[in-house]
Amino acid sequence: MRNLVVAFAGLVFCAVVAARPAAQQTVARKTVREAVYTEAQAERGKKVYEANCVTCHLPDLDGSANPDAGARGAPLVGTRFVQDFGESRVSALFNKMKRDMPSGRPGALTDQEYLDAAAFVLQRNKFPAGAAELTEETAGEFWIPGAGGAEGLENYTFVTTVGCLYQDPTRSWLLTDAQALKKTELPARGAAPALAAPDGRGEFTFRLLDAISYNPDPHNGHKVSVTGYMVRLGAEIRVNVQSLQMVGSSCGK
Amino acid sequence: MKIKLSRREMLEALGGGLGIFGLAGAFAGLSRGEVQAAGLGNYTGPALPAKAKHVIMIYLNGGPSQIDMFDPKPALFKYAGQRPSAVDLRTERVTAGLMPSPFEFKRYGRNGVEISELLPQLATVVDEMCIIRSMYTFNPTHTPARALLHTGSVLATRPSTGSWVTYGLGTENQNLPAFIALASPGGPMTRSGFLPSEYQGVVFPVNDPDPEKIIPNLRNKNVDANAQRADLDALLALNQSYTKSFGADQFLEGRIKSMETAYRMQFEALDLFDIRKEPQSIRDEYGPTPFGTGCLLARRLVEAGVRFVNVDYPGGQIWDDHRDVNDNLRKRCPDMDQAAAALIRDLKRRGLLDETLVVWGGEFGRTPVSESGSGRDHNPYGYTMFVAGGGFKGGIAYGATDDFGFKAAENRVSIHDLHATLLHQLGMDHTKLTYRYAGRDFRLTDVFGEVVKDILA
């Protein structure tokens, strides 16, 4: 009987380990936060970008997310970049560029030019520069982090957080400088939701779904507490808003 | 007093069905107005005030997910993973609990219609779009549902909408087929069924913008036009002799008509199918993809007088997202969105949108409940299509599904209602556009269909 209990416990342990969310399993990965390119390389990449990419992806790399420019290239910064390349190796970005870009003449650049352009994209996404250049080898070793802020949480978990409410140029509502999402209890019918405490600035950005149902315009730029359902889209984390309450008239910037 | 003859009656009055084809060259010289005045259509019902002359049907084979594109349902989050009794509808395959859409919806246009982030380009032309969120159809399986969308019947023998429309109204350009299907696999999308075979849709691929590849071997490089004409006339004489001996044969007439059309196409079609003649800015607007080519060609064809153009999103039953619906839509929507929006914008700019009906949709939608953990099953109970131009109201979302987006709940619109409304806008009473076959009169809408007047301008 004791052996059975031990075996059962072992099975449970294995099942729990196997069921750990991918986000937890990636904690030990080497990421581009560890500085995988140099300033000089990013500067070369900028020239490559300006010569070959800027028409579609625009000078600020916001591409089709810029509502006024009519550009066709996918955004290479912000939440869309996280969606597309978060939780991928840098080699995924490099290979995508090499396979499909520049539009209409894929593969026209040298491998070094593609690496330099990738370094420029990493720089514009605020990943730090270091002493060593990005190479094909390091591109295969280092990961671009996902949005973060939701480690260990299952899809559709009811969560709460505090951050800065901001409407971007595409009219999407974002919660910037937000704290990591915390699981919270669903409020009882008619009761107020448990709001996160306004304790300092966080490091995450979450796109808010259905924020337009909560009259967000007067609170653009305010510090707000949000509760809602967490949802993953690729490597991006979003929150379907269920309550939105101002906790500060500025974000302290 | 104007005597309206059907096309068949006119052919007979001119000395027999086959005899008319020798006059093809004479028709080629007529203007659009003269051809219309010649009454080459077969519709003899009451003439309704026609708002539209042409139809472009954009078909997304497989059933695109309305919940992720046009029909926001935030209530799904509260019940994620659950299966409340309100949504306990039978699905074609095994499905699990409710699966919310992760995509953001924003309000666009003068009426603040909500559209998903997947469709930023269509969102810019929403004021031209009549989004019908309460469509329903009668079968959850692709083949019969596809037949329903395109022919009004689950049976695999009925004529397609394009065939009915061209049978009813005839053509505006004798040098081109009246009904063209781009990137289409054929079948119910192009079938003429029991209608004369000249009303069948003519299929062209769009994988390559080179017109010589879209219509291979069209131009006869070895025999000049006069010699070809002499060949066709000789063949016509033989066929007339056959007809005198054995009686009229509608299939033979259809074949002759096709050959005559192909002969005349030599002088117009290669230019028309060459989208490289468009300014680069226009080609960029549609995008350098096969679907972009299809939509741009559709505009050129309509501009040249083609009555009905079916544009398939290439790739077969590709919108059938039983798995990985989110990833698939993120990959597939951008070029569809770009080209469909460009088509509407371009038609509007050229003053053609008022006289052209653009219809967008699939054979059904997709369920709000998940399949395989990441996909959605077929949903015939409630889904979205949109119509732009042709006298439809723009900037509106009509009808509604239930709280979870499963079943059409308010202002329900059946596929027959949509067909009836399209024919109405083309100036035809759907109950009067008939064809006698096997002893009874058939209609596109069979015994169903109501014109949805609320969505007409």
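Predicted model: local features only at pLDDT ≥ 70, side-chain atom pairs only at ≥ 80, totals over all residues.

Residues are numbered from 1 along each chain as its sequence is written, and chains are lettered from A and ligands numbered from 1 in the order in which they are written.

**Exercise 1: chain A at a glance**

Task: work out how many helices and strands chain A has, and how it is divided into domains.

Solution. Step 1: count the elements, where helices (H or I, at least four residues) and strands (E, at least two) are DSSP runs numbered from the N terminus. You get 8 helices and 8 strands in chain A.

Step 1: look at the domains, whose bounds come from an automatic or database domain assignment. Chain A splits into domain 1 (32-144) and domain 2 (158-248). Their C-alpha centres are 29 Å apart.

Step 2: check where they meet, taking two residues as in contact if their C-beta atoms, placed from the backbone, lie within 7 Å. Here 9 residues of domain 1 of chain A are in contact with 8 residues of domain 2 of chain A.

**Exercise 2: two crossing helices**

Task: decide how α3 (residues 39-52) and α7 (residues 111-124) of chain A are oriented to each other.

Solution. Step 1: get the angle, using axes that are lines fitted to C-alpha atoms, for helices over the stretch in contact, with angles running from 0 to 180 degrees between N-to-C directions. For this pair the angle is about 105°, and the axes are 7 Å apart.

Step 1: sort it: under 35 degrees is roughly parallel, over 145 roughly antiparallel, 65 to 115 roughly perpendicular and the rest oblique. So α3(A) is roughly perpendicular to α7(A).

Step 2: find the meeting residues. They include A:Ala42, A:Gly45 and A:Val48 in α3(A), and A:Ala117, A:Ala118 and A:Phe120 in α7(A).

**Exercise 3: now a pair in chain B**

Solution. Step 3: the contact is made by residues including B:Leu232 and B:Leu236 of α10(B), plus B:Ile256 and B:Met259 of α11(B).

**Exercise 4: buried or exposed?**

Task: classify A:Glu87, A:Asn215 and B:Tyr381.

Solution. Step 1: recall the rule: a residue is buried if 20 or more other C-beta atoms lie within 10 Å of its own, exposed if 12 or fewer, and partly exposed in between, with C-beta atoms placed from the backbone.

Step 1: apply it. A:Glu87 has 21 C-beta neighbours inside 10 Å, so it counts as buried. A:Asn215 has 9, so it counts as exposed. B:Tyr381 has 24, so it counts as buried.

Step 2: look at the backbone. Most residues other than glycine have a negative phi. A:Glu87, however, has a positive phi of about 55°, and A:Asn215 has a positive phi of about 45°.

**Exercise 5: a covered strand**

Task: find out what covers and flanks strand β7 (residues 308-312) of chain B.

Solution. Step 1: 5 of the 5 residues in β7(B) are buried.

Step 1: find the partners (strands pair if DSSP finds at least two bridges between them). Strand β1 (residues 54-59) of chain B runs parallel to β7(B), with 5 bridges. Strand β5 (residues 179-182) of chain B is also parallel to β7(B), with 4 bridges. One bridge pairs B:Ile56 with B:Val309, and another pairs B:Ala181 with B:Asn310.

**Exercise 6: the largest core**

Task: which residues touch the most other members of the largest nonpolar core?

Solution. Step 1: a nonpolar core is a set of buried Ala, Val, Leu, Ile, Met, Phe, Trp, Tyr and Cys residues joined through C-beta atoms within 7 Å. Step 2: among the 179 residues of this one, the answer is A:Ala118 and B:Cys130. Step 3: helix α15 (residues 325-349) of chain B gives the most to this core, with 11 residues.
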